[in-house]
Amino acid sequence: MNQKQKRIVQVSYILYYILLLAAAIYCYLTQKKGLTMGAVALFTCFLVPLALKILHLKPIFEIYMINIIFAAIASIAGSMLGAYSVPFFDKVLHFCSGLFLSELSYMVFCWLKRTTVIKDKNERILSIIFVNACNMMIAVFWEFFEYGCLIFLNNDAINHYTTGVHDTMTDMLVAFVGGLIITGCILSYYHSGKKNFWIRLNEHFYDINFNS
């Protein structure tokens with residue numbers, strides 16, 4: 001990242017914690033249950049960068065920004081301030097997570113292969129399986145997390161008491177649909193060789209980590 005991008009990321013993290021503090025104060029004054037989720041929100045904005053650090057990979061500017069914005073919407077607006085009660089709010093988030101996590105999975109696949117040019121037919125098939133398997137694995141783990149919030153924090157993020165298993169299944173379904181869109185973008189690139197936004201993003205990530 002250049003200096004301008006680094007400053008934008010730093011300011012974004014500052015704004016995130018200002019919003020988190022404001023949300024915590026609001027929950028405290030109104031005695032909303034979302035206050036307990038503030039402890040979770042403290043760390044959600046670091047999950048993706050931390051995962052990449054463990055893998056010894058450098059996040060690119062776009063990953064930082066998507067992660068911060070997504071964490072603010074999901075953790076602060078959703079979990080703390082109750083936006084999950086807004087119709088389709090969580091479905092849009094799970095759909096977006098399917099997009100972003102599938103793209104991240106494709107980045108990891110290319111990292112493992114040490115190339116962004118995958119010509120072998122079997123390796124292309126393997127990349128598609130890998131992307132969708134990782135996306136759905138994370139979707140399942142997220143539902144485990146939400147179930148844990150219900151059990152340990154009494155925060156019904158999965159709408160267990162109102163919809164039962166329906167909310168969990170539809171969350172995973174829309175994440176799967178998001179993954180299918182990324183799959184389509186990858187297959188289109190394999191077929192035509194034309195680079196779309198998601199392919200260029202992957203190549204930028206690869207260049208930063210292996211060609212810089």
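Predicted model: local features only at pLDDT ≥ 70, side-chain atom pairs only at ≥ 80, totals over all residues.
1. In which loop does Leu81 lie? Leu81 is placed in the loop between helix H4 (61-80) and helix H5 (89-113); helices here are DSSP runs of H or I with at least four residues, and strands are runs of E with at least two, numbered from the N terminus. Leu81 counts as partly exposed because its relative accessibility is 39%; buried means under 20% relative accessible area, exposed over 50%, and partly exposed in between, with a 1.4 Å probe and protein chains only.

2. Residues are numbered from 1 along each chain as its sequence is written, and side-chain values use heavy atoms, with hydrogens and water left out.

3. Leaving aside neighbours within four places in sequence, Leu81 is in contact (heavy atoms within 4.5 Å) with Ala23, Tyr26, Cys27 and Ile76.

4. The largest pocket has a volume of about 1,000 Å³. On a 1 Å grid over the protein atoms alone, a pocket is an open set of points where a 1.4 Å probe fits, with protein on both sides within 12 Å along at least five of seven lines; lining residues have an atom within 4 Å of a point. Grid points are joined across faces, edges and corners, and the volume is the space filled by probe spheres set on the points.

5. Which residues are closest to the centre of the largest pocket? Of the 38 residues that line this pocket, they are Leu47, Val48, Leu101, Leu104 and Ile138. At least two lining residues come from each of helix H3 (47-54), H4, H5, helix H6 (121-153) and helix H9 (197-211). H5 supplies the largest share, 10 residues. By class, the lining comprises 28 nonpolar, 7 polar and 3 charged residues; Ala, Val, Leu, Ile, Met, Phe, Trp, Tyr, Cys and Pro count as nonpolar, Asp, Glu, Lys and Arg as charged, and the others, Gly among them, as polar.

6. His94 is found in helix H5 and is buried, because its relative accessible area is 8%. The side chains of His94 and Asp171 are joined by a polar contact of 3.2 Å; such a contact is a pair of N or O atoms within 3.5 Å, where within protein one must be able to donate a hydrogen and the other to accept it, and residues adjacent in sequence count only if both atoms are side-chain atoms. Not counting residues up to four places away in sequence, His94 touches Trp142, Glu143, Glu146, Asp171, Val174 and Ala175.

7. The structure holds 0 disulfides, a disulfide being a pair of cysteine sulfur atoms within 2.5 Å. For Cys134, the nearest cysteine sulfur is that of Cys110, 12 Å away. Cys134 counts as buried because its relative accessibility is 17%.

8. Most residues other than glycine have a negative phi. Phe88, in the loop between H4 and H5, has a positive phi near 70° and counts as exposed at 64% relative accessibility. Arg114, in the loop between H5 and H6, has a positive phi of about 60° and is partly exposed at 48%.
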